[in-house]
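Subject: Structure handover

Hello,

Here is the structure for you to look at. Please open it and keep it in view while you read the notes.

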Amino acid sequence: MIKSMTGFGKGEATVGEKKFTVEMRSVNSKQLDLNLKAPARYRAAEAEIRTLITRLLKRGKVDCYITVESSSVSTPAHINRDLFTAYAHQLKEACEESSLGSVNGLWNFEGHLIEAILRMPDVISTEEQSVSDEELKALISAAEQAAQNLNSFREQEGATLLADLLKRVALIEEYKVAVEPYESARVETIKGRIREQIEKVGIPVDSARLEQEMIYYLEKLDITEEKVRLKQHCDYFREVTASEEEPGRKLGFIAQEMGREINTLGSKSNEANMQILVVKMKDELEKIKEQVLNVL
């Protein structure tokens, strides 16, 4: 069954007090174009997640967003209380020894003093938090779940795409069959037109030779080969959709070949009703080409 390149998938995993959520969205693209956004401290898992997405999703423009929630309140920043106290005593002594006035008066500005102390060197330090193997495994598990869910979404979209593509291929074949009644009438019309032009010129001609020349001319307008090849391309289109897992590129090539035969039919038609049917074929083929761009 074919898959669409459009889809959405979400995965979640919990370890300890942390919950990992991975969301993936994809649209069509010729190659895999991956945009991965994750918290900086979990960059260690980025390479494995990219490999996982490449293996499961193959193609498409994929946006992957990773978020981490924690049920506990924690911060990596810590205040060195001993150093804070030491700076406070030094400020107090400096104020008492200076001409700034009473220390008791200065402490009315204790908010400003606290800010000054906090800006002192090494009062606030940031500890680098390590990431456990369990967290990394949970994150990768959530990413795999998201990719699998996105694949399931792609399969559902692919079923809709397949039905639409096969419907349009069938329409092209119907228009091809509808062309046939006009072929014999077209031959007589062309013959009559040639004879009429010869009579207008008033030149005597050999009837047998004229008939041979008209047969030669009409053979160039024969569309039997084009109809046969178009039928073969339509059958092959169905075969590829039924037998291959990632037929997007190949279906695009088959559609190009179908277009060549339809264009030749149009150039040889030389009849208004046939040309109308050729235009309808081209319209369906353009819709097929647009849809094929989204097939994996």
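Predicted model: local features only at pLDDT ≥ 70, side-chain atom pairs only at ≥ 80, totals over all residues.

Strands of a sheet pair through backbone hydrogen bonds, in either a parallel or an antiparallel way. Here, four strands form an open sheet in the order β1-β2-β4-β3, and the pairing is mixed. The edges are taken by β1 (7–15) and β3 (32–37); each has a single partner strand, so one side of each has no neighbour in the sheet. On average, neighbouring strands are turned by 15 degrees against each other, direction ignored.

The partner of β1 that I looked at is β2 (residues 18–27): the two pair in the antiparallel sense, over nine bridges. Within this pairing, V15 is opposite K18 in β2. Helix α1 (residues 46–57) packs on the sheet, where α1 touches β2, β3 and β4 (60–70). The direction of α1 makes about 145 degrees with that of β3.

Helix α7

Helix α7 (residues 224–243) has 20 residues. From first C-alpha to last, α7 reaches 29 Å, close to the 28 Å expected at 1.5 Å a residue.

Which residues of α7 are buried? They are E226, K227, L230, H233, C234, F237, V240 and T241. These residues cover an arc of only 150 degrees around the axis, which means that they lie on the same side of α7. An α-helix has 3.6 residues a turn, so residues three or four places apart point the same way. On the other side of α7, the residues E225, A242 and S243 are exposed.

Regards

Technical notes:
Residues numbered from 1 in each chain as written. Heavy atoms only, no water. Pairing = 2+ DSSP bridges. Axes fitted to C-alpha atoms, helices over the stretch in contact; angles between N-to-C directions. Contact = heavy atoms within 4.5 Å. Expected span 1.5 Å × (residues − 1). Buried < 20%, exposed > 50% of the residue type's maximum accessible area, 1.4 Å probe, protein only. Arc of directions from axis to C-beta.
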